[in-house]
Amino acid sequence: MRVVELAGIGPGPFAAMLLADLGADVVRVDRPGGPGLAIDPACDVTNRNKRSVVVDLKAPGGPEQVLDLAARADILVEGNRPGVAERLGVGPEPCHARNPRLVYGRMTGWGQDGPLAQRAGHDIAYIAPTGTLGMIGRPDEPPAVPANLLGDYAGGSLYLVVGVLAALNHARATGTGQVVDAAIVDGTAHLATMIHGMLAAGGWQDRRGANLLDGGCPYYGTYETADGRYMAVGALEPQFYAEFLALLGVEDQAAARKDIARWDELREEVAARFKSRTRDEWTAVFDGSDACVAPVLSLREAPHHPHLAARGTFTDHGGITQPAPAPRFSATPTSVRTGPARPGADTADVARDWDVPGLLPSSRNPQ
């Protein structure tokens, strides 16, 4: 499967990385001078398993080079504001004129239409109107900021990947490609589908920190330990709750599980118990149990967790520790094949492999 990625930042590159991790031949079309993350390109692991060419879409012949790639691709991914790709000459219409089977994936925050479609934004502004940001955090504090994981990557990248793969299946069955409009607002709203059902059924209160899964429940949340670190508790079912209480040493709180009037008392007692030992001590206490309790680890600690280490959830490549490709496959295992693509470093190879000689400087029209 061949994928053209028009370079951007955030969810587009991550979606293309996921496709590359799964084995696609992804060619990233970088712009002269950027853009990219404000880090050394050698460390931008969202560009792993890809190859890069540099094309100036504003220069004569630039759009034609991208159209030559699109003519040989299965999927194209772009993350500009609506209308920008069209103005640059690489929108869906000219691409489909060259390749009717092409799946044209569009990644934006607001979507291709609607009153805010042309407005700038970032993850936090996209997830705010969907209701999901307002669900996260303590009731007496501002909503917690979930990095850019919830909008950019969960509501954005993953929905784009699902969309383009579904559209690719359709294209292979019918010979006709299509445009996939993946908007972060749509995907993030969709992530809360179960919560909306619970809200309609009266099983969820429309306020923060008052529900079973948002920290309102004392046996589903995080607790500070004696060394200022944290343990995560998710002992929802009766048998797991009973084991949790026994190991924590508060068996007298068995009846508090269903008695919401006692939840504040339960939370205080659980918090006091966790404060009596360090995180590592509590980790040892709950090790091997079904109490659904785990230590809250930092990014640097996570690769050393015994379970994650045993599964190879993280891998080292080129001196960088990074999450390994996911999910796992029994017949077609994935891997980090190459490090981050350097802008323009693969031009000659791509020109040969994709039979696009126009990418080579010697083949371009004089500027």
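Q: Which residues does Val 164 touch, not counting those up to four places away in sequence?
A: This is a predicted model: local features need pLDDT of at least 70, side-chain atom pairs count only at pLDDT 80 or more, and totals for chains, interfaces and linings use all residues. Residues are numbered from 1 along each chain as its sequence is written, and side-chain values use heavy atoms, without hydrogens and water. Contact means heavy atoms within 4.5 Å. Val 164 touches Leu 19, Ile 75, Val 103, Gly 105 and Val 180.

Q: How many residues are in the largest nonpolar core?
A: Such a core joins buried Ala, Val, Leu, Ile, Met, Phe, Trp, Tyr and Cys residues through side-chain atoms within 4.5 Å. Buried means under 20% relative accessible area, exposed over 50%, partly exposed in between (1.4 Å probe, protein chains only). Val 164 and Leu 160 are among those with the most contacts inside, and the core's residue count is 25.

Q: Which element gives the most to this core?
A: Helices (H or I, at least four residues) and strands (E, at least two) are DSSP runs, numbered from the N terminus. Elements giving two or more residues include α1, β4 and β5. With 6 residues, the top contributor is α6.

Q: How many residues does the second, separate core have?
A: Val 27, Val 53, Leu 102 and Val 356 are among its members. The total is 23.

Q: What is the bridge partner of Val 29 in β3?
A: Strands pair if DSSP finds at least two bridges between them. β2 and β3 run parallel, with 5 bridges. In β3, 4 of the 5 residues are buried. The partner of Val 29 is Val 53.

Q: Is Arg 106 buried or exposed?
A: Arg 106 lies in strand β5. Its contacts beyond four places in sequence include Glu 78, Glu 86 and Asp 181. Its relative accessibility is 5%, so Arg 106 counts as buried.

Q: How many residues apart are Tyr 219 and Trp 263?
A: Both are buried. Tyr 219 is in the loop between α8 and β7, Trp 263 is in helix α10, and the separation is 44 residues.
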